[in-house]
Amino acid sequence: MTTEVTLLDGGMGQELYRRSGQPASPLWSAQVMRERPDLVVELHREFIAAGAEVIAINAYTATPQRLARDADASLFEPLQHAALDAAAAARDGADRPVRIAGCLPPLMASYRADVVPDAQTLLDTYRRIVDIQNGGVDLYMGETLSTVREVSAATAAAGATGKPVWTSMTVDDADGTRLRSGEPLADGVAAAQDAGASAVLVNCSIPEAIGQAMAVLAESGLPFGGYANGFTSIAALAPGGTVDGLEARSDLGPDAYAGHVMGWVRDGAAIVGGCCEVGPAHIAAIATALGKSP
């Protein structure tokens with residue numbers, strides 16, 4: 001059973017924020033990408049050493065819309081290329097095969113369906129991101145998508161490359177069967193399938209909500225899975241806000257988190273990992289529970 005499970009990395013943003021020692025920035029992990037790319041390479045390597053078989057490039061906040069609002073839109077291409085370079089440097093030093101995943105995140109803000117752009121803007125922007133990332137990635141991950149129209153646009157843009165697309169949505173912490181927008185998760189799954197997704201996942205929600213989502217994902221017939229965050233609540237994070245207003249749960253150490261993940265695996269999950277507040281030690285605990293040797 002466990003040998004068929006693919007292990008992802010954990011969350012980059014919170015780890016990099018802590019390791020950089022710098023004040024919180026609306027650009028989150030992209031700020032570190034600019035100032036300390038060595039920290040990004042080091043963290044990628046730690047996730048690989050912990051057992052991660054897929055690492056996502058550190059470009060979550062490097063979208064044209066976020067950069068125009070919070071920094072400088074001209075940073076878009078340099079930050080994307082820097083993220084690709086950091087992931088490649090980490091993989092090149094690995095002693096086993098590791099795949100690199102492109103990152104198709106929310107364009108404006110995490111969790112906030114009310115600021116998601118219109119469908120055409122989404123599609124055009126995701127195509128820009130895909131064009132830059134395509135030469136350096138093995139697959140694409142839509143991440144933390146909170147609306148059906150984001151799911152459709154991100155999956156279609158990445159799917160046009162012919163590479164695998166793993167589409168991941170974020171669900172309501174109080175009801176894992178609904179997206180943050182309030183739309184049924186099943187509608188997001190159907191949109192991902194229609195657009196050509198190779199796998200469907202849920203991420204950046206509490207582990208309990210992700211556990212609720214597994215049955216909905218399973219109905220797709222596609223490979224499915226999840227990777228949770230470790231926040232007590234995401235309510236304090238406004239568009240353009242900083243992560244220092246978020247609090248980590250005290251009950252999600254590596255073994256406890258791995259226990260949640262193994263519950264998803266028992267429910268059929270084939271792709272698992274971690275999101276915000278899930279570090280290399282958590283990924284190592286999952287690898288151990290799965291019987292995988294880094």
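A crossover counts as right-handed if, with the strands pointing away from the viewer, the path from the first strand over the helix to the second runs clockwise. In this predicted model, E4, H7 and E5 form a right-handed β-α-β unit. Here is a friendly tour of that unit and the sheet around it.

**The sheet**
- The open sheet has eight strands with parallel pairing, in the order E1-E10-E9-E8-E5-E4-E3-E2.
- Strands E1 (6–7) and E2 (54–56) are at the edges with a single partner strand each, so one side of each has no neighbour in the sheet.
- E1 runs parallel to strand E10 (residues 271–274), joined by two bridges, and Thr 6 has Ile 271 of E10 as its bridge partner.
- Helix H10 (residues 254–266) packs on the sheet, where it touches strand E9 (224–228) and E10, and its direction is at about 165 degrees to that of E10.

**Strand E5**
- Four bridges link E4 with E5 in parallel; Tyr 140 has Val 165 of E5 as its bridge partner.
- E5 also pairs with strand E8 (residues 199–203) in the parallel sense, over four bridges, with Leu 201 in E8 as the bridge partner of Ser 168.
- In a regular strand, side chains alternate between the two faces of the sheet.
- Both faces of E5 are covered, with Val 165, Thr 167 and Met 169 buried on one side and Trp 166 and Ser 168 buried on the other.
- Five of the five E5 residues are buried, so the strand is largely enclosed by the rest of the structure.

**Helix H7**
- H7 (residues 148–159) lies across strands E3 (99–104), E4 (139–145) and E5 (165–169), at about 165 degrees to E5.
- Its buried residues include Val 148, Val 151 and Thr 155.
- The packing partners of the buried H7 residues include helix H6 (119–133), strand E7 (175–179) and helix H8 (185–195).

Methods. Residues are numbered from 1 along each chain as its sequence is written. This is a predicted model: local features need pLDDT of at least 70, side-chain atom pairs count only at pLDDT 80 or more; totals for chains, interfaces and linings use all residues. Side-chain values use heavy atoms; hydrogens and water are left out. Two strands pair if DSSP finds at least two bridges between them. Contact means heavy atoms within 4.5 Å. Axes are lines fitted to C-alpha atoms, for helices over the stretch in contact, and angles run from 0 to 180 degrees between N-to-C directions. Buried means under 20% relative accessible area, exposed over 50%, partly exposed in between (1.4 Å probe, protein chains only).
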